[in-house]
Amino acid sequence: MYTIAALYHFTRFEDPGALQPALKELCRAQNVQGTLLLACEGINGTIAGSRAGIDAVIRYLRALPGCADLEWKEATSQDAPFGKMKVRVKREIVTMGQPDIDPRARVGHYVEAKDWNELISAPDVAVIDTRNDYEVAIGTFDGAVDPKTESFGEFPAWWKANKERFHNKKIAMFCTGGIRCEKSTNYLLGQGVEDVYHLKGGILKYLEEVPEDETKWNGACFVFDNRVSVEHGLREGPHSLCHGCRRPILPEDVKRPEYEAGVSCHRCFNETTESDKNRFRERQKQMMLAKARAGS
């Protein structure tokens, strides 16, 4: 059984690159896999491994400057959620492209999972999903507005084009684990919006804590590991991943004529050229050969 830990923390790292080697070596020594992103603004990522391995990495992270109160969310999986470990240094731990954003200065009002249903049911509240379009497509909250963004960096432009729709409304925002809302609520406050709220711990905390018979959630929640999606109780969802476009697909989508393992699905079939598809076929072939060699 693998323990999965999803985490983020905003703090100030003067030299995030200096933290990379030791963190990568620790994860290797503990046989922990996944992805951790380091930037001057903090750390973000999801990792998986044994109980002892995850505990060792979390202890190390909480000992870093300004990270003593780092929080994380856990789940479990019978299968390895990741194939390798990556520790990367980035400009931002979640890319919004707004240099003046600083969640350490102020963010919206946190709303506990148990109180979320009541908030989003109020008539004077507009609920906004801050995730990307392919994530929203497989699940979201009742009545949530979908900005139809392909990347989080498109959110500020969407807000400026649509803000008049939300005049005199309280804004309730949510995302997978909470990190995008830290930035998006800070951004809205900077734009003069007074009543801004966000789901503490994100969708993952809601699906963990709110009983299914009380839910206002529809569908599954996309996650960035080999589980692909989760449902209430954080049980693994029905989706797999199209390795041509990295979008989630359902079992019935695999039966469609546009689907070819590692190459395309009905969502991306017309988005790639035949040259692209041939390249993906070669990649898939090499992956299958490597898998066969590993099993022999």
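**View 1. Helix α3 meets helix α7.** The axes of α3 (residues 113-121) and α7 (residues 202-209) come within 9 Å of each other and cross at roughly 105°. That puts α3 roughly perpendicular to α7 (the label covers 65 to 115 degrees; under 35 is roughly parallel, over 145 roughly antiparallel, and the rest oblique). Axes here are lines fitted to C-alpha atoms, for helices over the stretch in contact, with angles running from 0 to 180 degrees between N-to-C directions. On the α3 side, Ala113, Trp116 and Asn117 make the contact, and on the α7 side it's Lys205, Tyr206 and Glu209 (contact means heavy atoms within 4.5 Å). Sorted by type, the residues of this contact are 3 nonpolar, 1 polar and 2 charged (Ala, Val, Leu, Ile, Met, Phe, Trp, Tyr, Cys and Pro are nonpolar; Asp, Glu, Lys and Arg are charged; the others, Gly among them, are polar).

A quick note for every view: this is a predicted model, where local features need pLDDT of at least 70 and side-chain atom pairs count only at pLDDT 80 or more, while totals for chains, interfaces and linings use all residues. Residues are numbered from 1 along each chain as its sequence is written, and side-chain values use heavy atoms, with hydrogens and water left out.

**View 2. Helix α2 and its cover.** The 12 residues of α2 (residues 51-62) should span 16 Å at 1.5 Å a residue, and the end C-alpha atoms sit 17 Å apart, which agrees (the expected span is 1.5 Å times one less than the number of residues). Gly53, Ile54, Ala56, Val57, Ile58 and Leu61 of α2 are buried (under 20% relative accessible area; over 50% is exposed and in between is partly exposed, with a 1.4 Å probe and protein chains only). Covering those buried residues are, among others, β1 (2-10), α1 (16-29), β3 (42-49) and β4 (71-77). Helices (H or I, at least four residues) and strands (E, at least two) are DSSP runs numbered from the N terminus.

**View 3. Arginine 180 in helix α6.** Arginine 180 belongs to α6 (residues 179-190) and, at 8% relative accessibility, counts as buried. Leaving aside neighbours within four places in sequence, arginine 180 is in contact with Val94, Thr130, Arg131, Asn132, Glu135, Phe152, Cys175 and Phe224. A 3.0 Å polar contact joins the side chains of arginine 180 and glutamate 135 (a pair of N or O atoms within 3.5 Å; within protein, one must be able to donate a hydrogen and the other to accept it, and residues adjacent in sequence count only if both atoms are side-chain atoms).

**View 4. Arginine 281 in helix α8.** Arginine 281 lies in α8 (residues 274-295) and is partly exposed at 28% relative accessibility. Not counting residues up to four places away in sequence, arginine 281 touches Glu260, Val263 and Glu274.
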